[in-house]
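I opened my notebook beside the viewer today and went through this fold piece by piece. Here is what I looked up, in the order I did it.

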Amino acid sequence: MFQKFAAALLLSTSMAHAAEIETFAGPVSTPDNPSTIAVLDIAAVDTLTALGVSIEGVPANVYVDYLKEPTKDAAPIGSLFEPDFEAIHALQPDLVIVGGRSSRQRAAVSELAPTIDMTIWEDTVGQGLDRLKAYGDLFGKEEQAAQLRTDFEAKLAETKAALDGQGKALIVLTNGPKVSAYGSEGRFGWLHSALDLPEAVQQVEKATHGEAVSFEFIRDANPDILIVLDRLAAIGQPGESAATTLDNPLVAETNAWKNGKVIYLNSGDIYIAGGGIQSMTRSLDLILEAMNQG
């Protein structure tokens, strides 16, 4: 009861000077330019650090290497799925940001501090850029946000040009020896839609964990470009690597394999921090590098 009263008092006080920003749930009033921030979403950590916003609380494991240095002094506040409520309460944040894997905890966390859900889901690029603008508005970083968007859109156009006329692509994710395929409607579909990249297989099953496929499926799809993600590498677990899994005679029959167009993306970037402005840019860099090597 005391925590609920304290949170309500904090919320009413902070809203005296509030900003309205777009969130996953629509427009929400938040504390204006909050100074103590706790974040339970890696895509949000990605974009906020790109803007130079200081974050005081993050998940104990941020997974992606490029975010470890800018968050090294932040307090651990749980995992992506399970917040450490005592650690969040001790931090006394002005604002908590949840999203994606932590979005279900919004109501519980909001009893401790003002909390917003900044999930990036089906429209990775569109929502990712929306979040970039919202954070820029919230933290007085409008110019930096606008420049990051301009740079990203230029990189996106450059990558589209490099892929133009290069054929059809298939996106697969390995999980040890298991392989799943993702289409334009899946969680990595922005690699098709935002890049105007044709699909090697139409109507891949739309599922959070993709459509389980065989090596025969990949051979029959015969993609000109094979985009690969490694789930075990993304979450830091041991096991058979994507390169080992796909080193298979059937996969070797594809145009992508024969022509050296198998692109291994940094799996943590896209699987864990998907929609973050740095994550998206880094993924485009890897695609550009692979295409320019051909």
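A term first: helices (H or I, at least four residues) and strands (E, at least two) are DSSP runs, numbered from the N terminus. With that in hand, I found Asp196 in the loop between α7 (190–193) and β10. I also reminded myself that I am looking at a predicted model.

**Entry 1: Overall picture**

I started with the inventory, and the protein has 13 helices and 12 strands. I then looked up the radius of gyration, which is 20 Å; the globule rule gives 19 Å for 294 residues, so the protein is as compact as a globular protein of that length. Along the principal axes, the C-alpha atoms fill a box of roughly 65 × 35 × 35 Å. I noted that buried residues make up 49% of the 294 residues. For contacts with a separation of 6 or more, 63% come from residues 24 or more positions apart.

**Entry 2: Positive phi**

Most residues other than glycine have a negative phi. Asp196 has a positive phi, near 50°. Is Asp196 buried or exposed? Asp196 counts as exposed because its relative accessibility is 55% and the cut-off for exposed is over 50%.

I found another case in Tyr63, which is not a glycine and has a positive phi of about 70°. Tyr63 sits in the loop between β4 (57–58) and β5 (75–76). At 29% relative accessibility, Tyr63 is partly exposed.

**Entry 3: The mixed sheet**

Next I traced an open sheet of five strands, ordered β10-β9-β8-β11-β12, with mixed pairing. Its edge strands are β10 (211–212) and β12 (262–264), each of which pairs on one side only. As a reminder to myself, strands of a sheet pair through backbone hydrogen bonds, either parallel or antiparallel.

I followed β8 (residues 169–175) into β9 (residues 178–182), and these strands pair in the antiparallel sense over five bridges. Asn175 stands opposite Lys178 of β9, and Leu173 has Ser180 in β9 as its bridge partner. The hairpin of β8 and β9 has two residues between the strands, and Gly176 takes a positive phi near 70° there.

On to the next neighbour: β9 and β10 run antiparallel and are joined by two bridges. Ser180 turns up again here, with Ala212 as its bridge partner in β10. I also checked how covered β9 is, and four of its five residues are buried.

Which helix lies across β11 (225–230) and β12? I found α13 (residues 277–292) there, running at about 150° to β12.

I moved to β6 (residues 95–98), which is covered on both faces. Leu95 and Ile97 point to one side, Val96 and Val98 to the other, and all are buried.

β6 runs parallel to β3 (residues 37–39), with three bridges joining them. In this pairing, Ile37 has Leu95 as its bridge partner in β6. β6 also runs parallel to β7 (residues 115–117), again through three bridges. There I noted Asp117 of β7 as the bridge partner of Val98.

I placed Thr47 in helix α2 (residues 42–50). Why does Thr47 count as buried? Its relative accessible area is 2%, and buried means under 20%, so Thr47 qualifies. Which residues does Thr47 touch, leaving aside its neighbours within four places in sequence? I listed Leu132, Tyr135, Gly275, Gly276 and Ile277.

Gly274 is in the loop between α12 (267–271) and α13. Gly274 is partly exposed at 23% relative accessibility. Beyond its neighbours within four places in sequence, Gly274 is in contact with Ala43, Ile120, Thr124, Asp269 and Ser279.

**Entry 4: Rings**

How many aromatic pairs does a search of the whole structure find? It finds one. I also noted Arg101, which lies over the face of Tyr271 at 5.3 Å from the ring centre.

Conventions. Residues numbered from 1 in each chain as written. Predicted model: local features only at pLDDT ≥ 70, side-chain atom pairs only at ≥ 80, totals over all residues. Heavy atoms only, no water. Buried < 20%, exposed > 50% of the residue type's maximum accessible area, 1.4 Å probe, protein only. Contact = heavy atoms within 4.5 Å. Pairing = 2+ DSSP bridges. Axes fitted to C-alpha atoms, helices over the stretch in contact; angles between N-to-C directions. Phe/Tyr/Trp six-rings, centres within 6.5 Å; stacked < 30°, edge-to-face > 60°. Lys NZ or Arg CZ within 6 Å of the ring centre and 35° of its normal. Rg over C-alpha atoms; globule rule 2.2 N^0.38 Å.
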